[in-house]
Structures are given as structure tokens and as C-alpha cells.
Amino acid sequence: MDPFELLKTDHRKVEQLFSQLESASGKRKLEVFKQIKTELELHTQIEEKIFYPALEEPEETHDLALEAYEEHAVVKDLLKQLGRARTANDEWEAQAKVLQENVEHHVEEEENELFVKAQAAIGEEELEELGDRMEAEKARKQRGSSSKKSGAKKSASKTKSASTAAKRARPSKKGTSKSSGSKKSRSKKSAAKKR
Ligand SMILES: [Fe+2]
């Protein structure tokens, strides 16, 4: 597998997602962001685990590889901060724009400098091998995250059914109690105090 093709495909996918993010609004924005986060985390992981260590060795790519790690660190930090948000407010949008600009700069530097130098510094066979390893690692990680997701879904449906059971139990309680209006308001007050 050509490692450059593999990584470039990831880059184009993330670019598309960023343009979707620009046109999305409300909750959809956070949904698109989640996809960007998943893509970028997977992409940076395979690069850092397999690709960059190989580029650290040749003199021609050494400095750029080290710079790439640093750029990833900035991107990962921004992803973490943005991932905490519940709504996409103006500050969030500003930070998302900074993330996009950082990713665009990083991608440009990789494709126009790092990949070109790597192509010249590393033998064809080794490059193929790196591509194969990255492809396999990506597939392995994707399988792992999808099984994690289905696990999360299961536990989410459990909580849902538990809360519906609680909802079902409540009205029957109300129905049997013949409390007067004043009692009701008192119990409401005490409930409020408890909170
Ligand atoms: Fe990268």
C-alpha cells in the first residue's frame, strides 16, 4: 500500500468534513465535529505509531517529523477542548476555525514537504511496508472503536429502559395517593428543599 495515498485519502476526507462543519448549524455542528475528531484521532495515531518513527531516522526528514509530532499535539489539544462543549457558541466556532487552520497547515506541510522528502529518503519497499502496516493498524483500530460503540449503545439502552420503568412507576403512585392540594404543595416544597 502506498502510504502517501492512504494518508492523502484521510486528508481529503477531513477537508470535506470541515466544509460540512462550516455549513452545518446547531446540533448538527457538534455531530460533524465528532466525526472530525474520530477521523483525526485515528489518523494521528497511525502516523505517530508507524509513519513518523520511520521518518525520524533519515536526516532529510528528521526535523520535519519532529515538527509534525508537535503540530499533532496542538491539534489533539484543540480536539479535546472542543469535544467538551455542549453547544457550538461563538467561542467554540472560533476555536473550531483555529483547529481547521492548524490541520490545513499541517496537511499542506506534510503533502508538499514531508511526503516529498520521505519519498526520496526511504526505499520503495520500506514505504510499501509502512503503508501496509498503517492500513492494518487503521482497520484494527476501527474494528475496536466500532465494538466499543455498540457496547456503549447497549448500556445506553439499558439506562433508557430503566428510566422508562421509573416513569411507569411514578403515575401509578400518584394515582393511588389521595392527598389534598395543600399536602401536594407541601411535598413539592420539601422536594425542592431536598434539591
Ligand atoms: Fe499528520
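# Working through a helical model

Of the 195 residues in this protein chain, 16% count as buried. Keep in mind that the model is a predicted one. Grab a pencil and let's go.

## Exercise 1: The overall layout

Work out how many helices and strands the protein chain has, and how they follow each other along the sequence.

**Solution.** 
Step 1. Now read along the sequence, and the pattern comes out as α-α-α-α-α-α.
Step 2. Look at the contacts between residues at least 6 apart in sequence: 72% of them join residues at least 24 apart.

## Exercise 2: H1 against H4

Find how helix H1 (residues 3-23) is oriented relative to helix H4 (residues 90-121), and which residues meet.

**Solution.** 
Step 1. Start with the geometry: the axes of H1 and H4 are 11 Å apart, at an angle of about 155 degrees.
Step 2. An angle over 145 degrees counts as roughly antiparallel, so H1 is roughly antiparallel to H4.
Step 3. Check the handedness: H1 crosses H4 in a left-handed way.
Step 4. List who meets whom. From H1 come Phe 4, Lys 8, His 11, Val 14, Phe 18 and Leu 21, and on the H4 side they meet Ala 96, Gln 100, Val 103, Val 107, Glu 111 and Phe 115.
Step 5. Sort this contact by class, and you get eight nonpolar, two polar and two charged residues.

## Exercise 3: H2 against H3

**Solution.** 
Step 1. The angle between H2 and H3 is about 160 degrees, and their axes are 10 Å apart.
Step 2. That makes H2 and H3 roughly antiparallel.
Step 3. Their crossing is left-handed.
Step 4. Residues of H2 in this contact include Phe 33, Leu 40, Glu 41 and Tyr 52, while those of H3 include Ala 65, Val 75, Lys 76 and Leu 82.
Step 5. By class, the contact of H2 with H3 holds ten nonpolar, five polar and five charged residues.

## Exercise 4: H3 against H4

Describe how H3 (residues 59-83) packs on H4.

**Solution.** 
Step 1. The two axes come within 10 Å and cross at roughly 160 degrees.
Step 2. H3 and H4 are therefore roughly antiparallel.
Step 3. H3 passes H4 in a left-handed crossing.
Step 4. The residues of this contact divide into 16 nonpolar, five polar and five charged.

## Exercise 5: A look at Lys 76

Decide how exposed Lys 76 is, and how far Lys 76 lies from Glu 41.

**Solution.** 
Step 1. Locate Lys 76 in helix H3.
Step 2. Count the other C-beta atoms within 10 Å of Lys 76: there are 16, so Lys 76 is partly exposed.
Step 3. Compare sequence and space: Lys 76 and Glu 41 are 35 residues apart in sequence, and their C-alpha atoms are 7.4 Å apart.

Terms used: Residues are numbered from 1 along each chain as its sequence is written. This is a predicted model: local features need pLDDT of at least 70, side-chain atom pairs count only at pLDDT 80 or more; totals for chains, interfaces and linings use all residues. Axes are lines fitted to C-alpha atoms, for helices over the stretch in contact, and angles run from 0 to 180 degrees between N-to-C directions. Helices (H or I, at least four residues) and strands (E, at least two) are DSSP runs, numbered from the N terminus. Angles under 35 degrees count as roughly parallel, over 145 as roughly antiparallel, 65 to 115 as roughly perpendicular and the rest as oblique. A crossing is left-handed if the near helix is turned anticlockwise from the far one by less than a right angle, and right-handed if clockwise. Two residues are in contact if their C-beta atoms, placed from the backbone, lie within 7 Å. Ala, Val, Leu, Ile, Met, Phe, Trp, Tyr, Cys and Pro count as nonpolar, Asp, Glu, Lys and Arg as charged, and the others, Gly among them, as polar. A residue is buried if 20 or more other C-beta atoms lie within 10 Å of its own, exposed if 12 or fewer, and partly exposed in between; C-beta atoms are placed from the backbone.
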